[in-house]
Amino acid sequence: MTVCYTWFHQRFRVLPADASEETVRIYARAYIVMLLSSQLFADKNANRVHLRWLPYLASLDKLGRYSWGSAALAWLYICLCRGTNRNVVNLAGPLQLLQSWIFWRFPSLRPGGFDGFGFPLASRWASYLPRNDAVGQRVLSARLMLDRLRVQDFVWEPYSSAEVASIIHPEILLDQHRRLWTAITSLIYFAAIEWHQVDRVIPQFGGVQHLPQPALNIDWLHGKDGRGGDRWFPRYYREWHEHWENRLYSVIPVQRAADPGPSAEYLDWWCRVAHRFLSADVVFQDPRPIVLTEEAIHRGSSQAPPGCTFTIDQIIGVSIGDAV
């Protein structure tokens with residue numbers, strides 16, 4: 001059941017000056033409902049507020065018992081999967097959190113002028129307004145930037161700095177929360193189920209990434225959204241709820257390394273099986289065919305300027321760069 005967002009906002013926009021404690025609690029519930037519907041669990045129906053959250057807000061003191069983060073992550077994964085369909089135009093989900101994740105970890109994609117930050121960490125980019133012009137060209141540019149990323153262009157642990165540790169709540173770093181970060185388990189958002197396969201992103205926890213286990217294929221679950229049926233999902237998805245209940249048994253040990261990242265074995269495997277580039281092949285190729293004879297390759301090799309030694313790959317790279 002949903003209600004119009006405009007009515008909901010107008011009804012609970014201003015708290016009366018003489019509000020009683022119970023009225024304050026009512027307005028607090030209304031604010032949380034709007035926050036959940038429009039931010040953490042937003043869908044494409046942006047003008048409606050879902051009332052499914054009211055049973056969870058009956059007791060404000062028990063809100064901390066629910067794993068809101070895992071549910072939001074499950075919803076984001078579902079929305080990203082649906083967004084890969086070429087027929088899907090709009091993307092739903094907690095996009096502010098996704099944007100924050102990208103900007104914290106990709107300095108080369110980060111907008112300038114956002115050096116100061118506080119808590120919550122996502123508020124660092126609250127005033128950022130992306131341009132809406134030349135969308136197609138911006139997509140091509142973003143793909144090219146991702147394809148040209150270097151090792152130093154990605155930050156595996158952006159939140160481990162002393163500056164971040166000084167502003168976040170100490171409770172966030174308790175072991176009970178850390179164990180959830182490294183548990184291979186199911187993420188549940190009502191009828192939506194996703195798999196938290198963190199063994200494929202070990203460097204984000206300070207370890208070395210070795211060859212991963214085969215990914216769990218749950219494509220059939222992506223077609224389930226709780227609509228069109230009367231099955232009670234905790235019973236229908238009992239197996240996945242049991243995974244969640246037993247998550248402490250699926251926590252993987254992470255041995256911290258001085259230089260976290262993928263191992264040489266992993267990189268060799270990834271280069272063989274992955275789709276390495278997003279951009280079209282023509283972006284990385286010189287359209288003019290260049291054929292170097294063996295004589296041309298070795299000509300003048302003993303006369304290179306002092307301190308300047310280039311490989312043939314670097315020479316060709318410079319030529320391509322000049323051509324572009």
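View 1. Let us start with Arg-238, which is exposed, with a relative accessible area of 56%; exposed means over 50%, buried means under 20%, and partly exposed is in between (1.4 Å probe, protein chains only). Everything here comes from a predicted model, in which local features need pLDDT of at least 70, side-chain atom pairs count only at pLDDT 80 or more, and totals for chains, interfaces and linings use all residues. Residues are numbered from 1 along each chain as its sequence is written, and side-chain values use heavy atoms, leaving out hydrogens and water. Arg-238 forms a salt bridge with Glu-242, and their closest N and O atoms are 3.3 Å apart. A salt bridge here is a side-chain nitrogen of Lys or Arg within 4 Å of a carboxyl oxygen of Asp or Glu, and by this rule the count comes to four. Glu-242 is partly exposed, at 40% relative accessibility. Both residues sit in helix 9 (residues 238-245), four residues apart, or about one turn of the helix. Helices (H or I, at least four residues) and strands (E, at least two) are DSSP runs, numbered from the N terminus.

**View 2. Asp-268 and Arg-272 in helix 10.** Here you can find a salt bridge between the side chains of Asp-268 and Arg-272, with 3.2 Å from N to O. Helix 10 (residues 264-273) holds both of them, four residues apart, which is about one turn of the helix. Asp-268 counts as partly exposed at 45% relative accessibility, while Arg-272 counts as exposed at 57%.

**View 3. Arg-150 meets Asp-153.** The side chains of these two residues join in a salt bridge, at 3.1 Å from N to O. Are the two partners buried or exposed? Arg-150 is exposed, with a relative accessible area of 52%, whereas Asp-153 is buried, at 13% relative accessibility.

**View 4. The surroundings of His-196.** Now look at strand 4 (residues 192-196), where His-196 has its place. His-196 is buried, with a relative accessible area of 10%. A polar atom of the His-196 side chain lies 2.9 Å from the backbone oxygen of Ala-183. Leaving aside residues up to four places away in sequence, His-196 touches Leu-73, Leu-180, Trp-181, Ala-183, Ile-184, Thr-185 and Leu-187; contact means heavy atoms within 4.5 Å.

Notes
A polar contact is a pair of N or O atoms within 3.5 Å; within protein, one must be able to donate a hydrogen and the other to accept it, and residues adjacent in sequence count only if both atoms are side-chain atoms.
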